[in-house]
Amino acid sequence: MDYVVELLDGDCTVYHAPWAGDGGSLDTRYMLQCLPMFLSSSFYEPVQYDVIIFNAGVHDIDPFDYHNEYVPLKEYRRNLKKIKSALLKTGATVGFATSTPVPFSKKMDERLKQYNKAAKQVMKDDKSIKVIDLYDALSKPCGGSTKKCNLFKDQPNVWYYIGGKKQLKRKRVLPARTTPLPDQDSNPHLSFYLNFGGVRRMGGTNSKKLKVLPGFTKKSIVGSREELADWENMGFKLYRERLGDELYFKKMKEADEPPPEPGPLSASQMARYVKKYKTRFALKTLITRQRGTHAKGVGAIGTATVVDNPLLPEHEFFKVGHVFPVRLRHSNLVRTDDTQLDVRAVSLKFADDDFDSPFDLMMHTGEEAAFWNIVSFDRMLTGLSGGPKAFKAFCLEDPWHFHLAIAVFRRAPDSFTDQRYYSWMAFEYKAKDGVPRYAKFRLVPADGREETGLMTEYDQRKPWVAARWEDEKRPESYLVPEFMNQIAKGEVNYKLQIQLHEIKPDDSHLILHAARAWDGKTHPWLDLADVTLTSLLPIQIAERTRYSLEHRPLSLGIPPANTIYDFNSIAYLGSKIYPTSNMMSSSKPRKKVSREQLLSEMSYCIKVKTGNRKGAGTDAKVNLTITGTKGRTQPVTLEKWYRNNFQKGQEDTYVINAEDVGEPLIIKLENNEGVGFHRSSDWFVDKVEISCSSNNQTVYEFPCYGWVQQEAVFFEGKAKLITDEQHEVLKKQRRLEVQKRLEIYQWGDDPNFDGFPGFIKSESVRTLPKDVRFTEEAIDDLYQAKRKALINLGLVKLLNMLESWEDFHDYKKVYGVGTLQAFVSFVGEVPLASKRWQDDRFYGAQFLNGCNPDTIKRCSKVPSNFPVTQELVGNLLDEGDTLKKAIKDGRVYMVDYEILDDIPHYGQNDMNLERRYTSASLGLFYVRGSGDVVPIAIQFHQEPSETNPIWTPNDSELDWTYAKMWLRNADSQWHQDTELQAWTLDLHNNGYPVRDGENCHGFPSSVKSIQELTHLLTIIIFTCSCQHAAVNFSQMDTFGFPPNAPALMRQPPPTKKGAVSIKDVMKCLPTKHQAGVTIATVYDLTRIFPDERFLGDYTDGLFTDNAALEAILRFQGKLNEISSEIKERNKQLEVPYEYLLPERTPNSIAI
C-alpha cells in the first residue's frame, strides 16, 4: 500500500479499504459478504471513490494449505461476477489486478494461473473494466519463471521482499490505455493495488489542500537519514519552519487552555463517542475476528517481583517482595511491516490467565501520548484512517500533533525489548499513608541499553509517510523472530518503574494531560518491580489473551471524566471499548503471523498414574501444559474415547502433539468442575512420565503424590542443591509456589491463644488444602477408631460405666482373661506399666525414655521455690552421698511445669461441667550408682507453703503414689501443649515471638552458614521423624494403664500428707468411661497405618536422578547399622527401648 501511496503522491488520494484488515479482503466469499463495509469509511459512512482496483485469487486457493481450495474455481467465477456488478454500480472506474506469481511453489503457481485465467475471462465480458496483469509484469522479466529468478531469491511466501516490490514499482503497471479521472484531466489512474483499494481525486469531496500562509514557501523534504547524535524531537521547530511563528504561537497558546466546564450536553457527547467507537471496534473485530488494534504481536510469561524501594510509600497492591505471575505481549499498533513508522506497544497482565487478572497495564512508545482526550483521539484516528494525505493534514493542523507523532512513532527498531514503553494516562495511586497521588508507569530494559528506532531528521520532516525505505534489507516481519530468539537463549529482563505526583490544590490543569510529560527532576522514575520473562507463550495463547483497563486493584483508580475534552476522558473511553472488542474477537491467530511464530511440533508420550486412595479418581476434563527450556505448550486435553480415564489406581497413556519446548521442566495439570453426578473434580495423582519423539530413550519423571484441585504445578523429580545451576523458569516458579503457600498458611490471631506458640489460621480442617489433611481413609478411620478400638480391645463395656474405680486392683481387672486375650491379640501385649507402674525405677525411666523425654533437665542448683534439703531426702541417696555432691557431679535432674500455672481448667467457669484439675508441679530426680533414675521429691505448686508440702518416698506409699500421679498428670498436659509446632521460615517472628518480659527463645532469625543450615534442617527432620516416633509410639506404654500417667484429675491436689485415702485417689482418677476413652485414644494415636513409610523408604519415587539415589543408598546403609546397634544394646536392658528403631520410625508426622 505504501508503495502505491508514494507512487501517486501529489496526483491522487489513495485509500486501503478500511475494513479489509491486514490481509485485504481475503477470498471472494468474504469479499462478497462484506462488500458494503469495504465501500464505507472506517466510521461506517458511505464513500464515493473515483477509481476502485480489486484483486482476489490467492486466498481462494489458500496459500498456506494449497492442496485444499477455500473457494473452488466454479464458485470463484460466480463470486467475481457478482463483485464486478456491484462495483460498477458505484459509478467508479473499476480495475482488476491479477494475482502475482508464487516463486516458491510450482504446484501452487500452476493453480494460480488457472484462477488468473478465469478472472480475466470474467472481466473481459465488460469492456469498461481494466485488467492489470501483475502476473505477466513479474514473470516476463524472469523468462516466464520466477522460481530461480534473482528478483525473488529465497522468497518464503506470497508477500514479496524488496526485489519484487521494486520490479512492480519500476514497471508502473497501467491499463492498456490511460483514461482520465472524471473532471480531472491531468490525473492518471491508480497504477495498481494488490487486493482492494480506491482513489479519490485531489480536491474532491472530503479532501482539503494544505494552505500555505503568505510570505512562506512550502519546504522541501531535506535532512539526513542518519540517526541524530543527540536525539531531539524537532516537531515544534519543523512546524514553525513550515507554517510560521504566528500560527505556531497561536496554536501553542490554545493548547495550554483548560478544558471547558461540563455543560448540559456533555453527557450525551460522551455517550455518542462511546457508541461510535464501540460500534467501530466491534464491527472491525466481528469482521476480522482479530483485535481492533495491536493485531501483530508476540507473548511471553514470567514474573514481576516488587522491589524494596524506600522512596515509595507502602501500597496494598505493590507489596515489597510480592511476586506476580505475568503475561506480556509486544506488538505494533497497526503496521504489519516492522520497518515502517509505527507506535510499538506492550501489554502487561499481572496474572497467567487469558483474561482475568488483578491489574492490566497497557503501554506505548513515547513518554508523551499521541492524544490527550477523546476529541484529539478522534482527530488522530481520522487522520490515520484517511491515508498519508489526511494524516499529513492532521500533523500540520497543530504543532502538538506534529510533535507527538514524532514522539510516539518508531521506524525499524532493532528489538521490541530495547524500547521504552509508557502508560501515558495517570492513575489515582492510593497508598497506605493516605496521601492522594497520581501515578504513571513505564517499562524499560533492565540493562539500560539504548533505544533504537527513534525518527531521524529525514523522518521527522514527514512523519505522515510510513512506507519502508527502499534500501531496507530486513524482512517485513523480523521483530517477532528476534524476540523469540532472545527468550530461547535465556530470560528477558525489564524494570517496571513508577512516577508519582502528590496532588495539591494549586496543581496545574495540565497535570493529567497525557501529552505533557512530568518533569523528571521533580518526578523521578522510581524502580517498582523487576519483570523477568522466562518462556515464550504459544501463539494461540498469546492471541486469546485479552487486556482491559477495567482490570485494576481498588488502590489504583482512573480519575473521573465529565466531558469529551477532559484530559482523562480517553481512559474512560478505553474502559468502555475494550471489553466489547475483546468479547467479539477470535482467539485464532492470523495465518501469516502464526506461521512465523509457531514452534516446531513434537510428539509426546504421556503416562499418568492416578493414586490408589479413596476419592483419587476423577471424571473431570484434564488438561496438561508442559514448560521446558525453550517455551511452553498450550494446554492439551488428555482423553481417550470409550475409556473411563483417571480412575483410582489406574495408569493411562496418551500420545499428543504439541510445541517443542525443549527439555521438560515443569508440568501443570488442570481439571474442570467435573461432569454428571460426579461429587468432586479433585484428583489425586501419583506421578506423570513424559518421553519425547526426539529422544524416546529419556523419560522425564514428575512425582506428584498430591491433589489437583482445579490446577497444580509439579517439578521434575531431580534433587537440586541451592548451589546447583537452575533454569530461570524453575526459580521463578518456586518463588510463586512459596508465596502461594505463605498466603494459604497464615498465622492464627485468636486472642484466646495469646502466649502460646504460633498456630495456623483456619476456620476448620476442611478449609485447608487436601494435601495437608488426613486422607479420606484416615478421616473415616479416625471417626470410628475409638469405638473400634474399644471393641477390639475388649473394653467396650467401659463406655457405659460412669462410676469411679474401687482401687488399683480394679484397674487390673480390665485385663482379665477374656479382655486380656482381646487386648493382646489386637495391640500385641498389655502395657508394661500395668505391672511396674509403682516402681520408682520404672517411673524415672519413663521421663527419660517415655513419650515426653525433653522435659527433664540436669539440675545445677535447687531453685528457691522448690526447697529440697539434705535432711528431707538424704536417706534416699546412695550411702555416703549428699545432695550437694550429687548436684555437683551432675547426677540430679529436675522437671518444672511452670508453663501450666494459671492455665484455665476444664469446667472452671461453667458449673454445669465436671471440674478437672492439673498442677504446675516440680519434680527432683536422682541418679543412683546403679544407673537407675528415681524420683526423690515432688511439689504440686510453684510457691512453697504449709498447704503445698514437698512429697518424698519417705511419705506413706499411698501419698507418694498419689504425688507421682500428679506429676505425671502435669507431664501429660505439657506434652499436649507442645506437640503441634509449625516449621516455617517466619518461625522466629511468629511461631515463637519474643513478647514483653520474655527472653529470646534462641531460634535464629537468619541462617548465616552451611553449618547453621545443616543444624536447622537436622532439628526439623529429627523432630518430625525420630522425636515424634519417640514421644508418640511410647504413649500406649505410658498412658495405656491410666494410674501410671492419668490424663485427667477430677479433684484438686492434696494440701497435707497422710490425709488421702484410696477412695480419695479413685475419686480423683479418671472414671472407667474416661479411662476407656483414654486407652482407645492412645491406641489410635500409636497405630501404624498400612501405607506408612519409614526412614529411608523412598519407593514412591520422589527422587529420580542418580546423585539423589546414591545419597539414599548411603543413608539406608547407615540406618541399617543404627538398627543393628539398637537391637544389640536392647539385649542387655531389662526394659528394651525400641521406639527409635529406623524400621519403626516414620518419615514424618502422620497423626
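This is a predicted model: local features need pLDDT of at least 70, side-chain atom pairs count only at pLDDT 80 or more; totals for chains, interfaces and linings use all residues.
## Salt bridges

Across the whole structure, 49 salt bridges are found. One of them joins the side chains of D360 and K349, at 3.0 Å from N to O. This pair connects distant parts of the chain, with D360 in strand 9 (residues 360-365) and K349 in strand 8, 11 residues apart. Both partners are under the 20% cut-off for burial: D360 has a relative accessible area of 1%, and K349 has 0%.

A salt bridge also forms between D459 and R411, with an N to O distance of 2.5 Å. D459 is buried at 1% relative accessibility, and R411 is buried at 8%.

R734 and E737 form a salt bridge of 2.5 Å, N to O. The two residues lie three apart in helix 20 (residues 728-744), so about one helical turn separates them. In an α-helix, residues three or four places apart point the same way, because there are 3.6 residues a turn. R734 is partly exposed at 41% relative accessible area, whereas E737 counts as buried at 17%.

Salt bridges also link R327, D352, D354, R544 and R632 in a network.

## Helix 33

Helix 33 spans residues 1072-1086 and has 15 residues. From first to last C-alpha the helix reaches 21 Å, close to the 21 Å expected at 1.5 Å a residue. Of its 15 residues, 11 are buried, so helix 33 is largely enclosed by the rest of the structure. Among the buried residues are K1072, D1084 and Y1083, as well as G1076 and I1079.

W424 sits in the loop between strand 11 (421-422) and strand 12 (427-430) and is buried at 10% relative accessibility. F646 belongs to the loop between strand 19 (636-637) and strand 20 (651-659) and is buried at 1%.

V346, in strand 8 (residues 341-349), is buried at 1% relative accessibility. Its C-alpha atom is 9.7 Å from that of T417, although 71 residues separate V346 and T417 along the chain.

## Negative surface patch

D896, E898, D901, D902 and E943 form a negative surface patch. Within this group, D901 is placed in the loop between strand 26 (892-896) and strand 27 (922-927). D901 is partly exposed, with 40% relative accessible area.

Terms used: Residues are numbered from 1 along each chain as its sequence is written. Side-chain values use heavy atoms; hydrogens and water are left out. Helices (H or I, at least four residues) and strands (E, at least two) are DSSP runs, numbered from the N terminus. The expected span of a helix is 1.5 Å times one less than its number of residues. Buried means under 20% relative accessible area, exposed over 50%, partly exposed in between (1.4 Å probe, protein chains only). Patches are made of residues with over 30% relative accessible area and no salt bridge: like charges are joined within 9 Å, nonpolar side chains (Val, Leu, Ile, Met, Phe, Trp, Tyr) within 5 Å. Accessible areas come from the Shrake-Rupley method with a 1.4 Å probe; for residues, only the protein chains shown count as cover. A salt bridge is a side-chain nitrogen of Lys or Arg within 4 Å of a carboxyl oxygen of Asp or Glu. Lys and Arg count as positive and Asp and Glu as negative; His and the chain ends are not counted. The place of a charge is taken as NZ of Lys, CZ of Arg, CG of Asp or CD of Glu.
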